[in-house]
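Hi,

Here is the structure I promised to pass on. Have a look at it first, and then read on for my notes.

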Amino acid sequence: MLTELLLLLAAIAGAAFWFAGRRAAEMATIVGRQACSRAGVQWLDQSVHLLSMRLRRGPDGWLGLERHYGFEYSTAGEDRHSGRIVLQGNRLQAIAGPMPRAEAFDTVAPRIGDGRD
């Protein structure tokens, strides 16, 4: 009886871990697709892949899983560049990859020496 209960609890914990991982991968996919769209580059393979996972203390002080996902993008269609997305739970912590086009920065701050002060 006790063995069956422990097996059931282990199966529930495994399923919860798997579903949380899938939810984080879907979130990383959305973030990667949006980053490539904003930068005007092509998002390759239409997916992300898990690079690493570790325990890390969050801003609230609790331990949580930090997942690092990789993705690839192309600027001209003939090259491949790697990007990285870091999620803690479902919160975006960092992204390294395509940069937004220069036009996006013009609306935020004027360029130095363009006559606007």
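Let's start with Glu 66: its relative accessibility is 5%, and since buried means under 20%, Glu 66 counts as buried. Keep in mind as you read that this is a predicted model.

Arg 54 has 41% relative accessibility, so Arg 54 counts as partly exposed.

Glu 66 also forms a salt bridge with Arg 56, and here the closest N and O atoms are 3.8 Å apart. Arg 56 lies in strand 1 and Glu 66 in strand 2, so this pair ties together parts that are ten residues apart in sequence. With a relative accessible area of 37%, Arg 56 is partly exposed.

How many salt bridges does the count come to? Four. Another one of them joins the side chains of Glu 72 and Arg 80, at 2.5 Å from N to O. Salt bridges that share partners bring Asp 45, Glu 72 and Arg 80 into one network.

Now for helix 1, which covers residues 2-39. Does its length agree or disagree with what its residue count predicts? At 1.5 Å a residue, its 38 residues should span 56 Å, and the end C-alpha atoms are 55 Å apart, so the two agree.

Which residues of helix 1 are buried? They are Gly 21, Ala 24, Ala 25, Ala 28, Thr 29, Val 31, Gly 32, Ala 35, Cys 36 and Ala 39. When you look at the spacing in that list, remember that an α-helix has 3.6 residues a turn, so residues three or four places apart point the same way. The cover over the buried residues of helix 1 includes strand 1 (42-57), strand 2 (63-74), strand 3 (81-88) and strand 4 (91-96).

Cheers

Notes. Residues are numbered from 1 along each chain as its sequence is written. This is a predicted model: local features need pLDDT of at least 70, side-chain atom pairs count only at pLDDT 80 or more; totals for chains, interfaces and linings use all residues. Side-chain values use heavy atoms; hydrogens and water are left out. Helices (H or I, at least four residues) and strands (E, at least two) are DSSP runs, numbered from the N terminus. The expected span of a helix is 1.5 Å times one less than its number of residues. Buried means under 20% relative accessible area, exposed over 50%, partly exposed in between (1.4 Å probe, protein chains only). Contact means heavy atoms within 4.5 Å.
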